[in-house]
Amino acid sequence: MWRKALAFSALVLFGAGLTGCAINRFERREAWRDQAEQMCLARKLVQPTAYVSLGREIDGPGPCGMQQPFRVTRLGNGAVVLKQRVTLACPALAEAEAWLADTIQPAANLYFGVPVAEINAGAYACRGRNNQVGAKLSEHSFGNALDIMSFTLADGHVITVKGGWRGTEAEQAFLREVFVGACARFSTVLAPGSNVFHYDHIHVDLAMHDPRGLKRICKPLLKFESQLNPADGSARPLASPRPPARQTVPTQAPIDVEEDDPYGVSPAASRSAPTRVARSPAAPAPTAYTAAPARPRSPVPAHDAAYEPLSLAAPGPSNEPIY
C-alpha cells in the first residue's frame, strides 16, 4: 500500500513540476517592460473611460503580469465593440488604438464603404509561446500582444483572417492594409503565411528584439501596394502615438505565391490550389467593393520596402522564436 501511495505522490509532484514549466516560472522579467509601461502611463497615452477600466496589478505567476492592467470592452472611443473583454498593458493598448484609427478604419471605409463595428481579439494569457510547455513566455503573458481573429463591419459583413486572407479581392486587400499598418507600429507582426501557428489570426506585439528596440519581425513578405496614402503623395496624418522608426533590413525580390501553411501540417493545408498574392486594383471593381472611391496607385512608403524576408521553403530545425 505504501508503495502505491509513494508512487501517487511522485506522480502529483511530477505533474506540478510540468505545470510550473508550462509558464516558465524561472524566467526573469526584463526591466524594459516596467519602464515602457511607466513611460506610457506618465504620458497618459491611455485614459480610463466607460469602455476602458483600470484593473488591479497582475503579479505572477512567475514573471507574468503588468503593473496597471486595462480592461477593455470597446475601442475607438466606444465605436468598436470587442467580442470579448481583453486585458492589455498601456503600451499595447495605445498602439492598438492608433492602429485602429490610422489603418483599420480607413481601410474598411476604402474597400467596403463602412467602418469596422466589432473585432474578435484575444490578449492577456500567462503562457509559453504557442502554448508550448517550457517555452519562453509569450508577449501575451505581459499584456503586450494582441491576436485578431476577425472583423465585423457596420453592415454586418464578417471578415475572418482565416477565410479572408484568401477570400474576395476586397477582403484580401483590406487584411493586407491592416497587416502593413501593423508592421509600421508593432515590433512583431505575424499573419497567415508566417508559420503554421498563425494561419487563422494576425498576431501583433511590442517585444524588444534588440537592445535599442528597433528591430522588427514582420512576416510574411507581401507583394502589395497600400492604397491608403493620399493621392498627392503627401504623408498621411497619423494618430498619437506616432510609430517608432524601425531598423530596416536588406530588400528581397518579391514573391509571387503565398502559402498559409508552408509545412503542410495545419488545417489550412487542405487548400490545394495556388493563390496569387492580392494586388489592389487601380480602380475598385463594383462587384468587389461597396461604394469605395477610385484612387490612383501611390508609392509604397519607405517602411513597406523593408520587411524581413520569409523563405517559403520548409526549413530544418530552428530556434527562431514564434509567438
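Is C126 buried, partly exposed or exposed, and what is its relative accessible area?

Author: C126 is partly exposed, with a relative accessible area of 22%. Here buried means under 20% relative accessible area, exposed over 50%, and partly exposed in between, computed with a 1.4 Å probe on protein chains only. The model is predicted, so local features need pLDDT of at least 70 and side-chain atom pairs count only at pLDDT 80 or more, while totals for chains, interfaces and linings use all residues. Residues are numbered from 1 along each chain as its sequence is written, and side-chain values use heavy atoms, with hydrogens and water left out.

The partner of C126 is C64, and the sulfur atoms of this disulfide are 2.0 Å apart; a disulfide is taken as a pair of cysteine sulfur atoms within 2.5 Å. C64 lies in the loop between β2 (58–59) and β3 (65–66), whereas C126 lies in the loop between β6 and β7, so that the link joins distant parts of the chain, 62 residues apart. Helices (H or I, at least four residues) and strands (E, at least two) are DSSP runs, numbered from the N terminus. In contrast to C126, which is partly exposed, C64 is buried, with a relative accessible area of 2%. The torsion about the S-S bond of C64 and C126 is about 75°, and the disulfide is therefore right-handed.

Strands count as paired if DSSP finds at least two bridges between them. Within this pairing, A121 has I148 of β7 as its bridge partner. Strand β6 (residues 116–122) is also joined by 2 bridges to β5 (residues 80–88), in this case running parallel. There, V81 has E118 of β6 as its bridge partner. Between β5 and β6 the chain passes through helix α3 (residues 90–112), and this β-α-β crossover is left-handed. A right-handed crossover is one in which, with the strands pointing away from the viewer, the path from the first strand over the helix to the second runs clockwise.

C40 and C90 are bonded, with their sulfur atoms 2.0 Å apart. C40 belongs to helix α2 (residues 31–42) and C90 to helix α3, and the pair links distant parts of the chain, 50 residues apart. C40 counts as buried because its relative accessibility is 5%, and C90 is buried at 0%. With -70° about the S-S bond, the link of C40 and C90 is left-handed.

A search of the whole structure finds 3 disulfides. The remaining pair to describe is C183 and C218, with sulfur atoms 1.7 Å apart. Its torsion about the S-S bond is about 65°, so this disulfide is right-handed. C183 lies in helix α5 (residues 169–185) and C218 in strand β11 (residues 217–219), so the pair ties together parts that are 35 residues apart in sequence. Both C183 and C218 are buried. When the bonded cysteines are numbered in sequence order, the pairing is 1-3, 2-4, 5-6.

As to confidence, the protein chain averages a pLDDT of 75, and 65% of the residues score at least 70; pLDDT is the predictor's confidence in each residue, from 0 to 100.
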